[in-house]
Amino acid sequence: MMNNEQDDRFEKRLRFVARRYKEGRLNTDKAWEDFVVRQGISRKISFRRYWMAVASVVLLFIGLGTFYMMERKEAEWVSVVTAPEQLKDVYLPDSTLVSMAGSSTLRYDAKKYGKERRVVEMTGKAFFQVKRNEARPFSVRTVRTEVTVLGTSFQVNEKPGVTQVNVVTGKVRFSAGEISEPAILTAGMSASYSEEKKKINIGTEENLNDLSWKTKQLRFNDTSLENVIKDLNEYYHVKITNKEGSPDSRLTATFNDLPLDEVLMVINQTLDVRLVYQTGK
């Protein structure tokens with residue numbers, strides 16, 4: 001009895017649906033889209049596509065971060081080069097003054113200079129007047145050596161196989177790669193490092209003409225003729241020889257920015273010698 005009643009109800013429902021059904025009227029995809037819009041539900045993407053998108057964003061940020069870090073680490077060198085016999089004054093970002101002699105080079109990394117330390121690299125000859133900053137030491141690096149200061153004035157002269165330092169004011173630390181103990185130099189002191197001997201030698205006598213290229217003044221105080229000729233060769237870029245007269249002669253004189261011919265005339269007459277020169281050493 002119960003089964004017959006259930007069959008009758010099912011048949012009535014089936015006839016009701018059949019009377020109202022029209023082909024193409026029921027669109028399940030459209031119905032779902034309408035429902036999504038009404039409920040404010042975001043259309044979901046597949047799990048795989050979602051994580052691919054996330055991975056792409058992560059890789060993008062990693063790439064940008066790597067590029068940014070590499071760009072920060074990349075050096076930004078500022079270089080200055082002087083021609084033979086050219087003199088040039090260069091101010092560094094901290095107002096340190098560098099006076100460069102001819103045939104010299106100076107460079108520093110503009111991105112790092114002054115951040116933790118103040119470091120410059122050089123070849124040739126230069127005189128430094130360093131702006132004092134105890135929190136950021138100043139260093140001059142050559143091929144073989146390094147000079148470190150807080151604030152002072154000094155000269156670095158790098159020659160083939162030898163680097164020389166002359167301190168005018170303050171204190172500097174002079175070190176070389178192979179030397180375990182650096183040399184501490186104060187005003188009036190000098191030192192040189194020989195690549196051949198792998199040794200730092202402290203100067204015992206002050207050379208009055210170490211800065212003659214900058215001051216334009218040559219000074220001799222009971223100086224041997226041998227050292228007079230040496231200083232003249234260095235200053236005028238010539239080769240001087242003594243044709244006659246005592247090689248043991250000594251000279252006391254000062255020459256302020258004079259032509260070589262005039263200097264030699266005074267020396268020859270004063271010491272009764274005959275110094276002649278040829279250009280080029």
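This is a predicted model: local features need pLDDT of at least 70, side-chain atom pairs count only at pLDDT 80 or more; totals for chains, interfaces and linings use all residues.
How many aromatic pairs does the structure hold? It holds five.

## Aromatic pairs

The cut-off for stacking is an angle under 30 degrees. The pair links distant parts of the chain. Phe 128 has a relative accessible area of 0%, so it is buried. Phe 154 is also buried, again with a value of 0%.

Tyr 235 and Tyr 236 form another aromatic pair, this one edge-to-face. The centre-to-centre distance is 4.7 Å, and the angle between the planes is 85°. Both tyrosines are buried. Ring pairs also build a cluster, made of Phe 128, Phe 138 and Phe 154.

## A charge over a ring

Arg 107 lies over the face of Trp 77, at 3.6 Å from the ring centre.

## The largest pocket

What is the volume of the largest pocket? It is about 1400 Å³. The lining counts 48 residues, and those closest to the pocket centre are Asn 207, Asn 209, Asp 210, Asp 231 and Glu 234. By class, the lining has twelve nonpolar, 21 polar and 15 charged residues.

Which element gives the largest share of the lining? Strand S15 does, with seven residues. S15 spans 217-224. Other elements that each supply at least two lining residues include strands S9 (153-159), S10 (162-169), S13 (190-194) and S14 (199-202). Helices H4 (212-215) and H5 (225-236) also supply at least two each.

Pro 160 is in the loop between S9 and S10. Both of these strands contribute to the lining of the largest pocket. Is Pro 160 buried or exposed? It is exposed, with a relative accessible area of 83%; the cut-off for exposed is over 50%. Pro 160 and Ser 194 are 34 residues apart in sequence. In space, their C-alpha atoms are 9.4 Å apart.

Thr 148 belongs to strand S8, residues 145-149. Its relative accessible area is 12%. Thr 148 counts as buried because this value is under 20%. The side chain of Thr 148 makes a polar contact of 3.1 Å with the side chain of Ser 139.

## Two residues with positive phi

Most residues other than glycine have a negative phi. Ser 95 has a positive value, near 75°. Ser 95 lies in the loop between strand S2 (88-91) and strand S3 (97-100). With a relative accessible area of 45%, Ser 95 is partly exposed.

Asp 272 also has a positive phi, near 55°. Where is Asp 272? It is in the loop between helix H6 (260-271) and strand S18 (275-279). Asp 272 counts as exposed, at 63% relative accessibility.

## Around helix H6

Ile 267 is found in helix H6. At 0% relative accessibility, Ile 267 counts as buried. Along the chain, Ile 267 and Leu 251 are 16 residues apart. Their C-alpha atoms are separated by 7.8 Å.

The loop between strand S17 (250-256) and H6 holds Asp 257. Asp 257 is exposed, with a relative accessible area of 52%. How many residues along the chain separate Asp 257 and Gln 217? They are 40 residues apart, and their C-alpha atoms are separated by 5.7 Å.

Terms used:
Residues are numbered from 1 along each chain as its sequence is written. Side-chain values use heavy atoms; hydrogens and water are left out. On a 1 Å grid over the protein atoms alone, a cavity is a set of points where a 1.4 Å probe fits but cannot get out, and a pocket is an open set with protein on both sides within 12 Å along at least five of seven lines; lining residues have an atom within 4 Å of a point. Grid points are joined across faces, edges and corners, and a volume is the space filled by probe spheres set on the points. Helices (H or I, at least four residues) and strands (E, at least two) are DSSP runs, numbered from the N terminus. Ala, Val, Leu, Ile, Met, Phe, Trp, Tyr, Cys and Pro count as nonpolar, Asp, Glu, Lys and Arg as charged, and the others, Gly among them, as polar. Buried means under 20% relative accessible area, exposed over 50%, partly exposed in between (1.4 Å probe, protein chains only). Rings of Phe, Tyr and Trp (its six-membered ring) pair if their centres lie within 6.5 Å; planes under 30 degrees apart count as stacked, over 60 as edge-to-face and the rest as tilted. A charge sits over a ring if NZ of Lys or CZ of Arg is within 6 Å of the ring centre and within 35 degrees of the ring normal. A polar contact is a pair of N or O atoms within 3.5 Å; within protein, one must be able to donate a hydrogen and the other to accept it, and residues adjacent in sequence count only if both atoms are side-chain atoms.
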